[in-house]
Amino acid sequence: MEPGRAGWFLLLLLLPALGAAAPGEFDPYRVLGVGRSSSQADIKKAYKRLAREWHPDKNKDPGAEDRFIQISKAYEILSNEEKRANFDRYGDAGESQAFSQQQHRQFHRFHDGFYFDESFFHFPFNSERRDTSDEKYLLHFSHYINEIVPDSFKKPYLIKITSDWCFSCIHIEPVWKEVAQELEALGAGIGVVHAGYERRLAHHLGAHSTPTLLGLINGKITFFHNAVVRENLRQFVENLLPGNLVEKITDKNYIRFLSDWRKDNKPHVLLFDHMPVVPLLYKLTAFAYRDYLSFGYVYVGLRGTEELSRQYNINVYTPTMMIFKEHIDRPADVVQAREMKKQLIDDFLSQNKFLMVARLTSQKLFQELCPVKKSHRQRKHCVVLLTGEGEKFAEAYEAFLTFAVANTKDTLKFVHVYSDRQPEFADALLMDEEKYHGRSAVVILERRNNAGKIAYKALEEAWQGSKEDNFILLDLLDQLRTDPGLLSSETVVADLNDELAPMFLIRWFYSTLDYVSDCWDSLFHSNWREMMPLLSLLFSALFILFGTVIVQAFSRIPKKGFVEVTELTDINYTSNLVRLRPGHMNVVLILSNSTKTPLLQKFALEVYTFTGSSSLHFSFLSLDKHREWLEYLLEFAQDAAPIPNQYDKHFLERDYTGYVLALNGHKKYFCLFKPHRSGDEGGTLGSCEDYNALQHAEARGKSSCSPGSRSIKNKLHKLSFWMERLLEGSLQRFYIPSWPTLD
């Protein structure tokens, strides 16, 4: 290699390193006065000391604010280990992207002298070439959280997540560039996130691949899933907006729309245009000003708008925007232009955000209309009409409105308050309530601080709107311009009630609706890698909670259309009880010949839903044939039946019809269901009854157990509940040493 060429090649290799070693214009170590080896504790201590010294509120030096910004920036860099390492390595706090771009720019300037252009290689992945149009849209995590999210409540954002070496990103770039410029001019926000350098933000947005397009509105993220073409992107942004922002206005509803100013406490805006659909520019404007204005759209080419156009003398060939306040017969302001631009609309609407005499319906509105005094040159006074609702106060209000229209200035705002809706505010300003009872009053006030302190002066007499009242108020306002001390009274007022806030149930309903909508969107459009843990937890909980119940419910579906009930006799006694398989039970109904038919019918109805269980068998036992067998069994349930006594004359009269025994032949125990007593709402689901009470009743000769004293079918009332408890295993069990013979 020739010496000259070798020298140029060596210089080419060393130039990026020399550029990186060159000292930057901003040195955070020098700003904080610490060394490069200082610990985080030393850096934090130096920052606190300098921040207290140079805080603009304490330091009146003209350069204090700039100095304080430098101190904050220096601490932001040095307190972050990653940014500090980047600065130590490259002389810049940004990611390696900044260094690579700096290298490229230096290399580009160097080889340009040799007519060696990068386009010779046709590399499509050069970040500087590809991202030139996106640089002003680049988002960082703190910028997104602190600025973009709050701003999304005023305008929707279209955000692109991109990265280096992304073929699809290059493919959509022409469409993205065109749509981004178009939407930005209409009032939408545009953002770009580089996943390679802002991984935290990309992960926060839920983007796990590039390119990813998403919308942000009201702090809520919505992903774009269609083909990247201009029409789809415009429609996507338009669909982000609420559907009730702009009302279609015709001859039939324009009077109702404009008259709603009193209920909404807002000016109403009408846009007259020859487009059949509402322009996106107008929808975005309506979203930005929805807290201050109500919007309507008139399609002048539609039949049914002729009267409206004649009423306000509309030029149907030129888009016209009118704003109406307290008077609906004439607009308060008008603007016409062949091409409505965003800046023109913003200037027009920002000057007409409030009614001429707006009603104070919330603390936020009070703060905007009557701001706190900042200096003697920026005094702003509010003239407040304390009045009521209804025709009784209409004349006083109209007179006050006329006075306000004639005397409104930049330093003077006219407002009114309904005393019955803001009682605390009215009581604080009117010391002599009896004097103004049932009448309107006017108060001039000035807010002194955000804590509610105000200086004020009330007119001595009630406001009736007469010429004398007008002269008195006008004279006070003239004096106030030269003598601020005229507001001699001071008080502290509480925050105003939010009169237009929706009811709790409505707020709860909309919150629930939004939550369900978010869950639905997340379920079908979010990244499945994020959704899998949640779905796994959800389905596990559902299985645990409902799986067992569902299985039991299906297991109880009857296999047959009838209940098979067999008589327990000495022939099948051994197979149906003594040698019954483990885990199986025989449910036996006790009946007599006279009660057989009705009891079996009721028994079948009560146990029908349990016939699907293969471990249950159903039988009946004749009391006329096997009373001794039953009495022997009941001896082991002495709380349920007395021990037979040969001297008990009522023993042979005892009626056991309607008793049900659940017999477990393998484990030698039984559970007992006793017939439902008339008037006993609780039923007898268990097997326990007070022995003495029963014996006492029998001794008195009462026929509480006789068939004639109650309905036969009613004896098995609530047997199904007893069966539920039998399957749950919660019934009392009576064990016997061995099964007696049935004969």
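**Briefing: sheets, strands and a helix pair in a predicted model**

Helix α14 (residues 280-288) lies across β5, β6 (268-273), β7 (294-299) and β8, and runs at about 165° to β7; axes are lines fitted to C-alpha atoms, for helices over the stretch in contact, and angles run from 0 to 180 degrees between N-to-C directions. Helices (H or I, at least four residues) and strands (E, at least two) are DSSP runs, numbered from the N terminus. The model is predicted, so that local features need pLDDT of at least 70 and side-chain atom pairs count only at pLDDT 80 or more, while totals for chains, interfaces and linings use all residues. Residues are numbered from 1 along each chain as its sequence is written, and side-chain values use heavy atoms, with hydrogens and water left out.

**The open sheet**

- Five strands form an open sheet of mixed pairing in the order β5-β7-β6-β8-β9, where two strands pair if DSSP finds at least two bridges between them.
- β5 (246-248) and β9 (333-336) stand at the edges with a single partner strand each, so one side of each is left without a neighbour in the sheet.
- From one strand to the next, the twist averages 20°.
- Strand β8 (residues 320-324) runs antiparallel to β9 and is joined to it by four bridges, with Ile323 opposite Asp333 in β9.

- Strand β11 (residues 381-387) pairs with β13 in the antiparallel sense over five bridges, and Val384 stands opposite Val443 in β13.
- Strand β14 (residues 453-458) also pairs with β13 in the antiparallel sense over five bridges, and Leu445 stands opposite Tyr456 in β14.
- The hairpin of β13 and β14 has five residues between the strands, and in this hairpin Gly452 takes a positive phi near 105°.

**The α4 and α5 helix pair**

- Helix α4 (residues 64-78) and helix α5 (residues 81-90) pack at an angle of about 95° with their axes 6 Å apart, and α4 and α5 are therefore roughly perpendicular to each other (angles under 35 degrees count as roughly parallel, over 145 as roughly antiparallel, 65 to 115 as roughly perpendicular and the rest as oblique).
- Glu76, Ile77 and Leu78 of α4 and Lys83, Arg84 and Phe87 of α5 make the contact, which means heavy atoms within 4.5 Å.
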